[in-house]
Amino acid sequence: MGSESEDELVIRLVVERLMQAHPRLAAGLVKAAVATAYEELWYARVRTYLPVLMERRARDLLPFDEQPPSP
């Protein structure tokens, strides 16, 4: 019926990129981080860099395996 809005498409693509880059993370965790990033940035007037900014913010919110294990 209806197609995705531009913002919905951006959110889906950012989630897909992060899931591909970090397949060990739970999908729900990635979706929540991207949703939070979108909520923080949705008001931006210039939308050109929204996907990049959302992905960077979501990465900051996610617990990646690259962190050294605690002793």
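Glu16 and Arg12 sit 4 residues apart in helix 1, about one turn of the helix. They form a salt bridge, with their closest N and O atoms 2.9 Å apart. This is a predicted model. Glu16 is partly exposed, because its relative accessibility of 35% falls between the 20% and 50% cut-offs. Arg12 is partly exposed too, at 35%.

The structure holds 5 salt bridges in total. Another one joins Arg47 to Asp7, with 2.6 Å between the closest N and O atoms. Arg47 lies in the loop between helix 2 and helix 3, and Asp7 in helix 1 (residues 6-21), so this pair ties together parts that are 40 residues apart in sequence. Arg47 is partly exposed, with 27% relative accessibility.

Now move to helix 3, which contains Glu55. Glu55 and Arg59 are 4 residues apart there, about one turn of the helix. Their salt bridge has its closest N and O atoms 3.0 Å apart. Is Glu55 buried or exposed? Glu55 is buried, because its relative accessible area of 13% is under 20%. Arg59 is partly exposed, at 31%. Leaving aside residues up to four places away in sequence, Glu55 touches Val14, Arg17 and Leu18. Arg17 also belongs to a salt-bridge network with Glu55 and Arg59.

Finally, look at the surface. Val46, Tyr49 and Leu53 form a nonpolar patch there, with about 330 Å² of accessible area together. Val46 lies in the loop between helix 2 (27-41) and helix 3 (50-61). Val46 is exposed, because its relative accessible area of 59% is over 50%.

Definitions and conventions. Residues numbered from 1 in each chain as written. Predicted model: local features only at pLDDT ≥ 70, side-chain atom pairs only at ≥ 80, totals over all residues. Heavy atoms only, no water. Patch = residues over 30% accessible without salt bridge, like charges linked within 9 Å, V, L, I, M, F, W, Y side chains within 5 Å. Areas by Shrake-Rupley, 256 points an atom, 1.4 Å probe, with all protein chains shown as cover. Salt bridge = Lys/Arg side-chain N within 4 Å of Asp/Glu carboxyl O. Helix = DSSP H or I, 4+ residues; strand = E, 2+ residues; numbered from the N terminus. Buried < 20%, exposed > 50% of the residue type's maximum accessible area, 1.4 Å probe, protein only. Contact = heavy atoms within 4.5 Å.
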